[in-house]
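Let's take a walk through this structure together. Have a look at the chains first, and then we'll go through them step by step.

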Amino acid sequence: MEKRAVFRSSWLPLALVTPQLIITFVFFVWPASQALYQSVLLEDPFGLKSQFVWFDNFTALFRNRDYLESFNRTAVFSLLVAGFAMGLALLLAVMADRIIKGATGYKTMLVWPYAVAPAVAGALWVFMFNPRIGIVAYVMHSIGYDWNHQIRGQDAFALITIAAVWKQISYNFVFFLAGLQAIPRSLIEAAAIDGAGPAKRFWTIVFPLLSPTTFFLLVVNIVYAFFDTFGIVHATTSGGPAKATEILVYKVFNDGFIGLDLGASAAQSVILMFIVIVLTVVQFRYIERKVSY
Amino acid sequence: MASVVLDNVKKVYPGGVEAVKGISLNVPNGSFTVLLGPSGCGKSTLLRMIAGLETITSGTCRIADRVVNEVEPAERDIAMVFQNYALYPHMSVYDNMAYGLRNRGTPKPEIERRVREAAKMLAIEDFLERRPRALSGGQRQRVAMGRAIVREPQAFLFDEPLSNLDAKLRVQMRIEIRRLHNRLKATSIFVTHDQVEAMTLADVVVVMNQGRIEQVGKPTEVYNRPATRFVATFIGSPAMNLAPGRVIGRGKVEIPGSGTLDFDPDTFEVAEGTAVEVGIRPEDMTVATPDENTGFVIKPEFVEELGPNRLVHGTAGGEPLVLSVASSMPDLGTRALGLRVPANRVHVFDTTTGRALRRG
Ligand SMILES: Nc1ncnc2c1ncn2[C@@H]1O[C@H](COP(=O)(O)OP(=O)(O)OP(=O)(O)O)[C@@H](O)[C@H]1O
Ligand SMILES: [Mg+2]
């Protein structure tokens with residue numbers, strides 16, 4: 001079914017879409033084209049003159065070990081975040097789908113973290129994991145692990161992963177719960193009569209039927225880990241120690257705004273832009289075809 | 001195959017709804033039993049308790065002489081056909097049918113054999129590779145049946161499996177289900193609120209109302225000898241006429257304003273003067289010739305033409321009364337009509353309990 005409004009004249013519809021178009025242009029098209037433009041320029045340190053250098057900025061990037069490491073780190077980070085955030089959210093959603101008493105309160109509480117701004121979330125985790133005064137760090141010390149994310153890179157990496165996962169669970173939870181509730185009860189009952197135990201029912205009926213949701217969330221989570229985790233990194237580790245938590249978005253910021261290497265930074269954002277475009281295309285393509293029933 | 005025996009089974013849902021209020025029922029091995037009743041009377045609840053999808057609050061359920069109250073659905077060895085078919089949308093028709101067998105570790109060649117055989121029986125061989133989404137309602141229905149058949153269970157449970165089909169297909173599937181039953185001779189319990197379905201399919205009809213059984217009997221029994229006023233009015237279309245009356249002697253009842261009727265009292269003694277409700281089916285009355293004195297008269301008010309027959313609406317004892325006559329009858333006009341009603345077609349009900357005042 002299609003819902004269509006028909007306008008007689010053309011100025012009204014134009015007037016109605018103009019604000020949207022202006023926003024898109026000012027906040028997306030303009031900066032994106034600036035980034036594209038900057039990425040093929042080499043600017044002197046004082047920003048006085050710039051020179052057209054073709055794709056030199058890009059080739060330089062792919063020869064730069066720092067950048068490749070950051071790329072790797074980001075890939076690992078996004079897979080970890082997507083995996084844990086989705087796995088835990090699914091587990092929680094399955095449990096929430098079962099309980100009858102107090103379900104509303106439970107669900108509401110699980111959704112709260114989503115309302116917390118990334119920087120605030122980061123600050124919270126920094127306090128809890130602070131090697132000297134943090135409660136979590138204290139617990140870890142008492143079980144014999146010398147937690148210190150200010151010195152040890154792997155601890156810092158774990159910290160941003162935990163913070164990023166914690167924040168994304170709510171979002172995934174809402175989608176998984178909706179997906180679970182959309183599965184007709186009678187299917188589960190039919191499977192129970194067909195001799196499938198709870199675990200088998202989950203893996204052969206529920207999980208396959210959730211796959212459109214799962215796939216959608218996978219893309220959303222990867223995009224989240226790539227881009228929306230800036231605030232968390234900035235508030236907790238600022239990319240350190242020794243770049244151990246410098247993921248791609250953070251590197252764009254670091255190189256561009258701190259290091260003032262505008263060409264390299266712009267080239268990095270163009271690559272990120274390209275990644276997000278690919279992910280979006282894959283998303284739309286797949287959701288429309290493969291995973292629907 | 002096995003029998004299903006219920007003994008004083010009750011169901012109270014959390015929240016206090018008493019859906020089934022003590023039902024005892026014996027479904028013998030190989031019988032086709034239909035649970036019939038209006039919406040909300042607890043038919044599905046009862047069936048789901050037999051399937052193990054709802055817990056039994058009290059009473060016992062036996063399948064093949066084994067108490068199954070605490071047995072998981074999977075271990076009850078029953079198959080169920082759902083109203084919405086509940087086919088697994090992400091599996092092919094073949095996999096849908098094979099799923100239950102695979103879960104039970106049936107060897108592959110045996111699965112293949114059974115699925116092919118059932119598919120042939122149901123004429124769905126051509127769709128085995130398709131997803132349920134790519135099937136019509138009738139074909140999905142067959143797949144749902146096939147999924148039940150391949151399991152070769154102790155008993156089949158059907159919860160209104162035909163109600164999502166259009167009228168024509170419903171008649172066709174009804175006949176097919178009956179044919180299948182004649183062939184497989186499997187114990188079947190079939191839930192419906194459609195009396196025609198019940199009458200045509202059943203060996204035994206169980207009429208339910210508000211969580212209780214009103215009557216258990218062959219289709220002809222519940223039609224000819226309804227045990228209660230509820231059964232009498234629920235079965236038959238157009239519904240049985242009810243008029244207030246008074247017993248004026250053994251096997252004789254008076255309907256004020258319309259005259260008297262003879263009824264067959266069997267061995268039942270009803271005191272003279274007892275107020276009763278008199279039930280007569282529209283199709284059980286015949287119009288007497290004008291000079292014949294039958295003692296029972298109605299005044300026609302208007303007529304509905306239905307094609308093969310004609311419904312004449314009038315009143316008896318202040319209550320509306322419908323008479324069904326063949327369309328070939330000449331127009332009866334609006335003169336008072338003398339009616340002939342055979343004594344064994346007059347039903348007399350207790351005004352308070354609603355029970356039929358006769359035995360048999
Ligand atoms: N899960 C439940 N919780 C509480 N009450 C329920 C539940 N399921 C059914 N009921 C109630 O139990 C009664 C019987 O329901 P049931 O589904 O058995 O009726 P039914 O005879 O199958 O009706 P229909 O022909 O409409 O399917 C109804 O009053 C219904 O509201
Ligand atoms: Mg029902």
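How many residues of chain A are in contact with residues of chain B, and how many of chain B with chain A? On the chain A side there are 16, and they are in contact with 24 residues of chain B. Keep in mind as you look around that this is a predicted model.

Let's stay with that interface for a moment. Between chain A and chain B, about 1,700 Å² of area is buried, and carbon and sulfur atoms give 60% of it. There are charged partners here too: two salt bridges turn up across the interface of chain A and chain B. One of the salt bridges pairs B:Arg48 with A:Glu189, and their closest N and O atoms are 2.7 Å apart. Counting residue pairs in polar contact between chain A and chain B, with both residues at pLDDT 80 or more, gives 13.

So which parts of chain A touch chain B? The elements giving two or more residues to that side are α8 (185–193) and α9 (198–228) of chain A. Of the elements on that side, α8(A) gives the most, with seven residues. Sort the side of chain A that touches chain B by class, and you get ten nonpolar, three polar and three charged residues.

Now step back and take in chain A as a whole. It has twelve helices and two strands. As for its extent, the C-alpha atoms of chain A fill a box of roughly 75 × 75 × 30 Å along the principal axes.

Over to chain B and the ligand. Which residues come nearest to ligand 1? Of the 13 residues around ligand 1, the nearest are B:Ser39, B:Gly40, B:Lys43, B:Ser44 and B:Thr45. Helix α1 (residues 43–51) of chain B supplies the largest share of this shell, three residues. By class, the shell around ligand 1 splits into five nonpolar, six polar and two charged residues.

Taken alone, ligand 1 exposes 640 Å², and the protein buries 60% of that.

Most residues other than glycine have a negative phi, and most peptide bonds are trans. B:Asn8, in strand β1 (residues 4–12) of chain B, has a positive phi, near 45°. The peptide bond joining B:Ser237 and B:Pro238 is cis, with omega about -5°. You'll find B:Pro238 in the loop between α8 (229–234) and β11 (241–249) of chain B.

Key:
Residues are numbered from 1 along each chain as its sequence is written. Chains are lettered from A and ligands numbered from 1 in the order in which they are written. This is a predicted model: local features need pLDDT of at least 70, side-chain atom pairs count only at pLDDT 80 or more; totals for chains, interfaces and linings use all residues. Side-chain values use heavy atoms; hydrogens and water are left out. A residue is near a molecule or strand if one of its heavy atoms lies within 4 Å of it. Accessible areas come from the Shrake-Rupley method with a 1.4 Å probe; for residues, only the protein chains shown count as cover. Helices (H or I, at least four residues) and strands (E, at least two) are DSSP runs, numbered from the N terminus. Ala, Val, Leu, Ile, Met, Phe, Trp, Tyr, Cys and Pro count as nonpolar, Asp, Glu, Lys and Arg as charged, and the others, Gly among them, as polar. Contact means heavy atoms within 4.5 Å. Buried area is the accessible area (1.4 Å probe) that two parts lose on being put together, summed over both. A salt bridge is a side-chain nitrogen of Lys or Arg within 4 Å of a carboxyl oxygen of Asp or Glu. A polar contact is a pair of N or O atoms within 3.5 Å; within protein, one must be able to donate a hydrogen and the other to accept it, and residues adjacent in sequence count only if both atoms are side-chain atoms.
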